[in-house]
Amino acid sequence: MRPDVEAMKADIEQSVALLRRRLDWDVANRKLDELNARVEDPTLWDKPDEAQAVSRERSQLEAKINTVKAMERELEDGVMLSEMAEEEGDEATLDEARGQLKAIKDRAARAELEALLSGEADGNDAYLEVNSGAGGTESCDWAGMLLRMYSRWAKAHGYEVEIEAMEDGDQAGIKSATILVTGPNAYGWLKSESGVHRLVRISPYDAAAKRHTSFASIGVSPVVDDTIEIDINPSDVRTDTYRASGSGGQHINKTDSAVRLTHIPTNTVVACQAGRSQHQNREQAWKMLRGRLYELELQRREAAAQAMADAKTDIGWGHQIRSYVLQPYQMVKDLRTEVETSDTQGVLDGDLDAFMGAALAQRVGETRGSTVD
């Protein structure tokens with residue numbers, strides 16, 4: 001076997017062994033059998049909320065087990081193909097086998113990181129909120145660029161994206177926006193993105209073509225279901241209704257259908273204007289508020305709330321988690337993990353996996369490389 005093929009085979013085998021250990025393979029398979037039996041029990045569906053939670057847990061565990069099994073099968077096929085090609089001196093087929101093994105290796109690396117998503121709400125959907133910092137049009141434009149970046153990242157990974165609320169900037173971009181990202185492990189991947197993001201570039205709005213620094217903050221909270229109890233005293237919540245802004249259907253801008261909730265003890269504010277009625281927006285806003293308050297509790301438990309707290313108090317110097325420099329050189333650098341890349345356009349188009357992976361690994365005490373190829 002060629003040395004490069006042997007090396008990829010060894011890497012994949014190591015990743016598969018690690019995934020089996022993290023899953024606790026025998027225990028995971030027994031748990032899946034138990035969940036399958038529960039889902040097949042017709043009495044479970046007398047409690048729809050519990051049934052959905054069980055079904056979701058079953059689907060997530062089954063997906064993890066099937067991922068490992070698929071990699072083992074594909075590794076065996078790829079190695080067999082490479083050995084046959086080497087015996088016959090078929091370089092084209094050998095290159096094909098190398099490509100297959102490289103793809104498996106990349107999938108294994110992502111699966112390793114996903115195996116770290118063991119937090120209480122990591123498997124849940126997520127709300128991602130973008131807020132522009134001080135700086136007027138510049139910061140609003142930067143906030144709009146971040147919204148596009150995360151939307152592209154989400155769609156590239158098969159997630160659904162829905163805009164829940166948006167306030168346009170006076171001249172360009174957005175002042176704020178909240179999107180719902182739906183899909184497996186959405187919150188687990190996105191949670192490390194909370195914080196202040198700094199942009200340095202030649203301003204397209206400056207006739208003198210001077211370099212400008214802009215700030216915007218990202219906040220991420222999980223979507224929580226009814227199986228997680230969150231006690232909110234209604235008297236602690238102020239409800240405001242207002243007329244939705246932006247383009248939309250025939251009811252947009254004609255009725256006070258948008259809803260804003262303020263949790264007074266924590267000064268937590270959420271807003272929703274995506275629904276066609278005030279009732280729909282009120283219901284969704286309460287879900288968002290429950291998610292935000294649950295995220296605060298998770299942060300307290302993990303003693304990892306400093307970045308979020310900084311983002312809430314001051315969107316500016318000294319609080320940023322990542323810098324995006326477009327002038328005088330090209331560089332995106334995460335200030336927590338030291339991961340950096342010169343492919344700024346790729347990052348702004350949603351290529352964020354290296355940054356998210358490094359932050360996730362750091363969170364659980366593992367090490368990842370500091371330079372993105």
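Let's start with a pair of helices: α3 (residues 48–88) packs against α4 at an angle of about 160°, and their axes are 9 Å apart. Angles over 145 degrees count as roughly antiparallel, so α3 is roughly antiparallel to α4. Keep in mind that you're looking at a predicted model.

**Where α3 meets α4**
- If you look at how these two helices cross, the crossing of α3 and α4 is left-handed.
- On the α3 side, the contact is made by Thr 67, Ala 70, Met 71, Glu 74, Leu 75, Gly 78, Val 79, Leu 81, Ser 82 and Ala 85.
- On the α4 side, the residues include Thr 93, Leu 94, Glu 96, Ala 97 and Gln 100.
- Sorted by class, the contact of α3 with α4 has 12 nonpolar, 5 polar and 3 charged residues.

**Where α1 meets α4**
- Helix α4 (residues 91–114) also packs with helix α1 (residues 3–23), at an angle of about 30° and with the axes 9 Å apart.
- Angles under 35 degrees count as roughly parallel, so α1 and α4 are roughly parallel to each other.
- The crossing of α1 and α4 is left-handed.
- From α1, residues such as Asp 4, Val 5, Met 8 and Asp 11 take part, and among those they meet in α4 are Arg 98, Leu 101, Lys 102 and Ile 104.
- Here the class count for α1 with α4 is 9 nonpolar, 1 polar and 7 charged residues.

**A sheet of three strands**
- An open sheet is built from 3 strands in the order β6-β7-β8, with antiparallel pairing.
- β6 (237–242) and β8 (268–272) are the edge strands, each pairing on one side only.
- On average, neighbouring strands of this sheet are turned by 15° against each other, ignoring direction.
- Strand β7 (residues 258–263) runs antiparallel to β8, and 5 bridges join the two.

**Aromatic pairs**
- Searching the whole structure turns up 2 aromatic pairs.
- In one of them, the rings of Trp 142 and Tyr 324 have centres 4.9 Å apart and planes at 70°, so the pair is edge-to-face.
- Trp 142 sits in helix α5 (residues 137–156) and Tyr 324 in strand β9 (residues 320–325), so this pair ties together parts that are 182 residues apart in sequence.

Conventions: Residues numbered from 1 in each chain as written. Predicted model: local features only at pLDDT ≥ 70, side-chain atom pairs only at ≥ 80, totals over all residues. Heavy atoms only, no water. Pairing = 2+ DSSP bridges. Helix = DSSP H or I, 4+ residues; strand = E, 2+ residues; numbered from the N terminus. Axes fitted to C-alpha atoms, helices over the stretch in contact; angles between N-to-C directions. Parallel < 35°, antiparallel > 145°, perpendicular 65-115°, else oblique. Left-handed = near helix turned anticlockwise from the far one by under 90°. Contact = heavy atoms within 4.5 Å. Nonpolar A, V, L, I, M, F, W, Y, C, P; charged D, E, K, R; others polar. Phe/Tyr/Trp six-rings, centres within 6.5 Å; stacked < 30°, edge-to-face > 60°.
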